[in-house]
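Here's a friendly walk through one protein model. Have a look at the structure first, and then we'll go through it piece by piece.

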Amino acid sequence: MTDLQRGGQKGPHKSISNTLYPAGLIACALGAILHIWLPQVGGWTLFAGGLLIIISHIADARQVSSLGVRAKRLMRMNFLGAAMYMIAGGSAVEGKSMWILFFVIGTVFVAYTFFALSHTDKKTEL
(Lines give C-alpha, C1' and ligand atoms only; values in the text may rest on other atoms or scores of the structure.)
Protein backbone atom coordinates (compact mmCIF):
# COMPACT_ATOMS: atom_id res chain seq x y z
CA MET A 1 0.00 0.00 0.00
CA THR A 2 1.37 3.41 -0.91
CA ASP A 3 1.53 6.46 1.30
CA LEU A 4 -1.34 7.83 -0.72
CA GLN A 5 -3.63 4.96 0.23
CA ARG A 6 -2.42 4.93 3.86
CA GLY A 7 -4.23 8.11 4.74
CA GLY A 8 -2.03 10.95 3.59
CA GLN A 9 -4.83 12.54 1.61
CA LYS A 10 -7.60 14.77 2.89
CA GLY A 11 -11.20 15.07 1.78
CA PRO A 12 -14.47 13.16 1.74
CA HIS A 13 -13.02 10.28 -0.32
CA LYS A 14 -10.30 9.50 2.23
CA SER A 15 -12.09 6.47 3.66
CA ILE A 16 -13.17 5.27 0.22
CA SER A 17 -9.62 5.17 -1.09
CA ASN A 18 -8.26 3.64 2.12
CA THR A 19 -10.79 0.84 1.80
CA LEU A 20 -10.76 0.20 -1.95
CA TYR A 21 -7.01 -0.15 -2.50
CA PRO A 22 -6.37 -2.93 0.06
CA ALA A 23 -9.66 -4.62 -0.87
CA GLY A 24 -8.57 -4.59 -4.51
CA LEU A 25 -5.20 -6.15 -3.70
CA ILE A 26 -6.87 -8.85 -1.61
CA ALA A 27 -9.40 -9.53 -4.37
CA CYS A 28 -6.60 -9.89 -6.94
CA ALA A 29 -4.73 -12.39 -4.80
CA LEU A 30 -7.94 -14.26 -3.99
CA GLY A 31 -8.92 -14.32 -7.68
CA ALA A 32 -5.59 -15.87 -8.66
CA ILE A 33 -6.01 -18.56 -6.01
CA LEU A 34 -9.68 -19.19 -6.83
CA HIS A 35 -8.83 -19.69 -10.48
CA ILE A 36 -7.38 -23.08 -9.57
CA TRP A 37 -10.75 -24.51 -8.52
CA LEU A 38 -13.32 -22.12 -10.03
CA PRO A 39 -11.85 -20.49 -13.15
CA GLN A 40 -14.83 -18.25 -13.92
CA VAL A 41 -15.21 -17.00 -10.34
CA GLY A 42 -11.46 -16.48 -10.02
CA GLY A 43 -11.30 -14.50 -13.24
CA TRP A 44 -14.15 -12.22 -12.28
CA THR A 45 -12.69 -11.72 -8.80
CA LEU A 46 -9.34 -10.78 -10.32
CA PHE A 47 -11.05 -8.35 -12.69
CA ALA A 48 -13.02 -6.79 -9.82
CA GLY A 49 -9.85 -6.40 -7.75
CA GLY A 50 -8.14 -4.50 -10.56
CA LEU A 51 -11.24 -2.34 -10.96
CA LEU A 52 -11.25 -1.49 -7.24
CA ILE A 53 -7.61 -0.38 -7.43
CA ILE A 54 -8.35 1.79 -10.47
CA ILE A 55 -11.33 3.39 -8.71
CA SER A 56 -9.04 4.10 -5.76
CA HIS A 57 -6.59 5.84 -8.12
CA ILE A 58 -9.39 7.90 -9.63
CA ALA A 59 -10.50 8.98 -6.15
CA ASP A 60 -6.91 10.09 -5.42
CA ALA A 61 -6.36 11.93 -8.71
CA ARG A 62 -6.41 15.40 -7.19
CA GLN A 63 -3.82 14.50 -4.53
CA VAL A 64 -1.55 12.79 -7.05
CA SER A 65 -1.37 15.99 -9.09
CA SER A 66 0.46 17.71 -6.22
CA LEU A 67 3.20 15.05 -5.99
CA GLY A 68 6.67 15.24 -7.47
CA VAL A 69 7.61 13.90 -10.90
CA ARG A 70 8.96 10.57 -9.65
CA ALA A 71 5.98 9.91 -7.39
CA LYS A 72 3.56 10.73 -10.23
CA ARG A 73 5.39 8.31 -12.50
CA LEU A 74 5.23 5.60 -9.84
CA MET A 75 1.51 6.17 -9.34
CA ARG A 76 0.95 5.83 -13.10
CA MET A 77 2.92 2.60 -13.00
CA ASN A 78 0.71 1.37 -10.16
CA PHE A 79 -2.36 2.29 -12.23
CA LEU A 80 -0.94 0.31 -15.14
CA GLY A 81 -0.41 -2.66 -12.83
CA ALA A 82 -4.08 -2.51 -11.85
CA ALA A 83 -5.02 -2.42 -15.53
CA MET A 84 -2.91 -5.55 -16.03
CA TYR A 85 -4.93 -7.22 -13.27
CA MET A 86 -8.11 -6.38 -15.14
CA ILE A 87 -6.71 -7.76 -18.40
CA ALA A 88 -5.61 -10.89 -16.53
CA GLY A 89 -9.12 -11.32 -15.13
CA GLY A 90 -10.66 -10.97 -18.57
CA SER A 91 -8.24 -13.50 -20.03
CA ALA A 92 -8.96 -15.92 -17.18
CA VAL A 93 -12.71 -15.64 -17.75
CA GLU A 94 -12.19 -16.42 -21.45
CA GLY A 95 -10.14 -19.47 -20.49
CA LYS A 96 -6.85 -18.30 -21.99
CA SER A 97 -3.58 -19.15 -20.29
CA MET A 98 -2.15 -15.68 -20.99
CA TRP A 99 -3.81 -14.44 -17.81
CA ILE A 100 -0.80 -15.66 -15.84
CA LEU A 101 1.56 -13.39 -17.79
CA PHE A 102 -0.64 -10.33 -17.25
CA PHE A 103 -1.03 -11.20 -13.56
CA VAL A 104 2.74 -11.47 -13.10
CA ILE A 105 3.37 -8.16 -14.92
CA GLY A 106 0.72 -6.45 -12.78
CA THR A 107 2.19 -7.89 -9.61
CA VAL A 108 5.69 -6.74 -10.52
CA PHE A 109 4.42 -3.21 -11.25
CA VAL A 110 2.38 -2.97 -8.05
CA ALA A 111 5.13 -4.45 -5.87
CA TYR A 112 7.80 -2.19 -7.36
CA THR A 113 5.72 0.93 -6.85
CA PHE A 114 4.91 -0.14 -3.28
CA PHE A 115 8.59 -0.31 -2.36
CA ALA A 116 9.72 2.63 -4.51
CA LEU A 117 7.07 4.98 -3.10
CA SER A 118 8.11 4.08 0.43
CA HIS A 119 11.65 5.26 -0.42
CA THR A 120 10.78 8.51 -2.21
CA ASP A 121 11.80 11.83 -0.72
CA LYS A 122 9.71 13.04 2.18
CA LYS A 123 9.03 16.21 0.15
CA THR A 124 6.88 14.29 -2.33
CA GLU A 125 4.61 12.73 0.27
CA LEU A 126 1.22 14.20 1.01
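## Rings, charges and helices

Let's start in helix 6 (residues 99–118), where Trp99 and Phe103 sit four residues apart, so about one helical turn separates them. Helices here are DSSP runs of H or I with at least four residues, numbered from the N terminus. Before going on: this is a predicted model, in which local features need pLDDT of at least 70 and side-chain atom pairs count only at pLDDT 80 or more, while totals for chains, interfaces and linings use all residues. Residues are numbered from 1 along each chain as its sequence is written, and side-chain values use heavy atoms, leaving out hydrogens and water.

Trp99 and Phe103 are both buried (under 20% relative accessible area; exposed is over 50%, and partly exposed lies in between, with a 1.4 Å probe and protein chains only). Together with Tyr85, these residues make up one aromatic cluster.

How many aromatic pairs does the structure hold? There are four. Rings of Phe, Tyr and Trp (its six-membered ring) pair if their centres lie within 6.5 Å; planes under 30 degrees apart are stacked, over 60 edge-to-face, and the rest tilted. Two of the pairs are set out here:

| Pair | Centre to centre | Angle between planes | Type |
|---|---|---|---|
| Trp44 and Phe47 | 5.9 Å | 80° | edge-to-face |
| Trp99 and Phe103 | 6.1 Å | 55° | tilted |

Trp44 and Phe47 belong to helix 3 (residues 39–59), and because they are three residues apart, about one helical turn lies between them. Phe47 is partly exposed, at 28% relative accessibility.

Helix 3 also has a partner, helix 5 (residues 69–94): their axes come within 7 Å and cross at roughly 160°. Axes are lines fitted to C-alpha atoms, for helices over the stretch in contact, and angles run from 0 to 180 degrees between N-to-C directions. The two helices are therefore roughly antiparallel (over 145 degrees). Where they meet (heavy atoms within 4.5 Å), helix 3 brings residues including Trp44 and Phe47, and helix 5 brings residues including Phe79 and Tyr85.

Now for charge. Side chains of opposite charge can pair when their charged atoms come close. The structure has one salt bridge, meaning a side-chain nitrogen of Lys or Arg within 4 Å of a carboxyl oxygen of Asp or Glu. Glu94 and Lys96 form this bridge, at 3.3 Å from N to O. Glu94 is exposed, at 58% relative accessible area, and Lys96 is partly exposed, at 47%.

Note on methods: Angles under 35 degrees count as roughly parallel, over 145 as roughly antiparallel, 65 to 115 as roughly perpendicular and the rest as oblique.
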